[in-house]
Structures are given as C-alpha cells and as structure tokens.
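User: Could you walk me through how to read a few features of a protein model? I would like the general idea and then the case at hand.

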Amino acid sequence: MSLEHIIAALETLQSDALDKIGRAQQSHQLEDVRLQFLGKKGRLTEVLRQLAGLAAEERPQLGQKSNAVKERLTQAIDQKLQALKFAEVETRMQSERLDASLPGSGFPRGHRHPLHLVMDELIDLFARLGYSLASGPDVEDDWHNFEALNIPADHPSRDMHDTFYLEDGRLLRTHTSPVQIRALKKQKPPIRIIAPGRVYRCDNDASHSPIFHQIEGLALDHNISMADLKGTLKHFTAEFFGPEFPLRMRPSFFPFTEPSAEVDLGCVFCRGSGCSVCKRTGWIEILGCGMVDPAVLEAVGLHWEETQGFAFGMGIERMAMLRYGIPDIKLFYENDRRFVGQF
Ligand code: PHE
C-alpha cells in the first residue's frame, strides 16, 4: 500500500472511531471503542503494519499521522467519558431529592431520669451515714402495710391511704413503711436501712400521681433519741439542698411513730420571704418522721425498753421538684427527652 492509501485508511479509522465515540451512551461502550481502535490488536496497530512496506523517508510522516490520530481519539474518548459521568450525576441528582433542612439522624444519647438521680443521691448520702439498702414487694399484704405498723382495720388513718386492693385481699403498698417491718423480720437491731421504691394511692391531680416514689429510713439501736433524728435530718437537708436552709419540726401523727413530726424546710425558692410555692409561709413540708412506736416493735418481737429508734419517709418526686424547681409532678412520667435531658 502506498503512503496515501495508508493515510486515507487512518482518516477512515479516525472518522469511524469518532462516530462511535459520539454515539456511545455508556462508559463501557467507550472502553470497547478504545480496545477496538487503539488496543494492541486494534485497527490502528493493523494499519501501522503497513509501515514495513514503506520507504524509510516516508515512515516518519506516517508515524506523525498515526500519533496525531491516536492522540485525537484518546482525547475524544476521555472527554466523552467525562461528559457521561457528569450526565450520570445529573440524572441521579434529578431522581434523588435531598432536603438539606431536615434534621440529621444522629445517635441520640439516653439520660438518667431525674427520679433515679435523686434516688441514687439519697442512697449514697445515707450510705455515708452507715445506712444499707433494703427493699420489699410492691404487692403487699395487709399485715405489712397496715397491721404491723399499728394501723388496725378500723383505724381512721386507713382513710388517708386511698388503697388499691387486689381481688385476693392483698394490696399495692401505700407507702415504703412496710419495708421497715420486712427488714426487722430479717435483721435484729442495731439496724440502719434506707428503702426507696414505688408506692400507690388512688389519688390523681396536679400534685398527686397514683404511682409515686418514697424513700424510707429506719434506725434502731439501744439509745437512739429524737435528737439523733433531728441531727440526721439536718445533715441530710444540708447535704441535699444546702446548709443555708433552716429546718423545723412540727408535731404530727402517724400510727407507727410516737412522737411524730412533720419536717419543714425553709422555702428553697424564696428563701423564706414567702412565695406562691410555699403559700407565703416561707416553709415547705418535706417529710414525715418520728420515734418508732412501741406497738411496731412489739409486732416484730422487739421491746421498747431494749430498742429505740426513729423512722422517716419522704416523697422522691417532692425532693426532685424542690431540688430542680420542677413545677408539675406529671413531667416525671411523660418521659419527654427534652425534659429528662436537662438533669
Ligand atoms: N409512711 C408515711 C407516709 O407515707 C411517712 C412516714 C414514714 C412517717 C416513717 C413517719 C415515719 O406518709
């Protein structure tokens, strides 16, 4: 073949290839074109075999021409590849919509519930005073919840308790005081226990929930007095609310303590000057307590001449509300993460 023929063949090869490149719709088709025309066994290599038949001075011309064809095609393929990739991204962007204003999915972190935080803090606080943890069942019998606590069946204070009864005569404990009895059945004095847990009363309004939590304290030994009770409570409020709030004990009545007292704390919101929370009194009631009644000791086989001590009981919700300034008891049970996450 003459040089002109070969050059013409190269021109045809180039225009064939450009035509195929132009029509390619997918990147693999371009790879085929590359193989078919520029590959080791491709059409360009085939044309260049004719080089052998040319005169030495013609060879450089053909070399130049074939290089130019090769370069032209490589460039065309690469450009088309780019364009195809761009088009692919375009169509993907058209079909997939992304709303950049949507909140991210993230990994939300859980939080300890404020009631748990308060409960744990109280357990720790009393543990440092030598109290150990005690517990009892939520479903109680009449004897532990009432009878042994000196509340006989006809006692008027049963009305205060708004008890949920089960069909078999058992009940949902109305307070944590039955844990006192259970602990004393297991362990002889000296004893110091702290018992947090759920309690139940058919009571439901803005400040009462049918299920709430109490924490019970009991200390019995040979010569524990009311002064020890007051000292213990003073230590507790100083640690829990701060040492600046005064404490006062008001005479009260519970069948299982004698004498009994209700304890008020100087209002943590107005610091005693009077506000809506303390109903302008400057004081907030925080717990009930007293010296363990001889009748209770007797119910568990103890005698007041050998054993004396005190008991106290408080609402954990109430402690948390005062501690964190929470206005509504219902917030504890909704489990809204925006609420729970604040503590
Ligand atoms: N159990 C009492 C109540 O639920 C509180 C209390 C406990 C009072 C221990 C005195 C001693 O109100």
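User: Where does proline 190 lie?

Analyst: Proline 190 lies in the loop between α7 (178-186) and β4 (191-200). Helices (H or I, at least four residues) and strands (E, at least two) are DSSP runs, numbered from the N terminus. Before we go on, note that this is a predicted model, where local features need pLDDT of at least 70 and side-chain atom pairs count only at pLDDT 80 or more, while totals for chains, interfaces and linings use all residues. Residues are numbered from 1 along each chain as its sequence is written, and side-chain values use heavy atoms, with hydrogens and water left out.

User: Which peptide bonds are cis here?

Analyst: The general idea comes first: most residues other than glycine have a negative phi, and most peptide bonds are trans. In this model, the bond from proline 189 to proline 190 is cis, with omega near 5 degrees. Another cis bond joins glutamate 258 and proline 259, with omega about -5 degrees, and proline 259 lies in strand β7.

User: And what is phi at arginine 271 and lysine 279?

Analyst: Arginine 271 has phi near 55 degrees, and lysine 279 has phi near 50 degrees; each value is positive in a residue other than glycine. You will find arginine 271 in the loop between β7 and β8, and lysine 279 is in the loop between β7 and β8 too.

User: Are those two buried or exposed?

Analyst: Buried means under 20% relative accessible area, exposed over 50%, and partly exposed in between (1.4 Å probe, protein chains only). Arginine 271 counts as exposed because its relative accessibility is 58%. Lysine 279 is exposed as well, with 67%.

User: How many residues does helix α8 have, and which of them are buried?

Analyst: For the length of a helix, the expected span is 1.5 Å times one less than its number of residues. Helix α8 (residues 226-240) has 15 residues and spans 21 Å from first C-alpha to last, close to the 21 Å expected. Its buried residues are Leu229, Thr232, Leu233, Phe236, Thr237 and Phe240. Viewed down the axis of α8, these fall within an arc of 130 degrees (taken from the directions from the helix axis to the C-beta atoms), so they line one face of the helix.

User: What does that buried set pack against?

Analyst: Contact means heavy atoms within 4.5 Å. The partners of α8's buried residues include α5 (114-127), β6 (247-254), β9 (308-315) and α10 (316-324). The partner α5 has 14 residues, and its own buried residues include Leu122, Ile123 and Phe126.

User: Which residues form the aromatic cluster?

Analyst: A pair of aromatic rings is described by the distance of the centres and the angle of the planes. Rings of Phe, Tyr and Trp (its six-membered ring) pair if their centres lie within 6.5 Å; planes under 30 degrees apart count as stacked, over 60 as edge-to-face and the rest as tilted. A search of the whole structure finds 12 such pairs. One cluster is formed by Phe126, Tyr131, Phe236, Phe240, Phe241, Phe310 and Phe312.

User: And what sits over the ring of phenylalanine 240?

Analyst: A charge sits over a ring if NZ of Lys or CZ of Arg is within 6 Å of the ring centre and within 35 degrees of the ring normal. Here the charged end of arginine 323 does so, 4.6 Å from the centre of the phenylalanine 240 ring.
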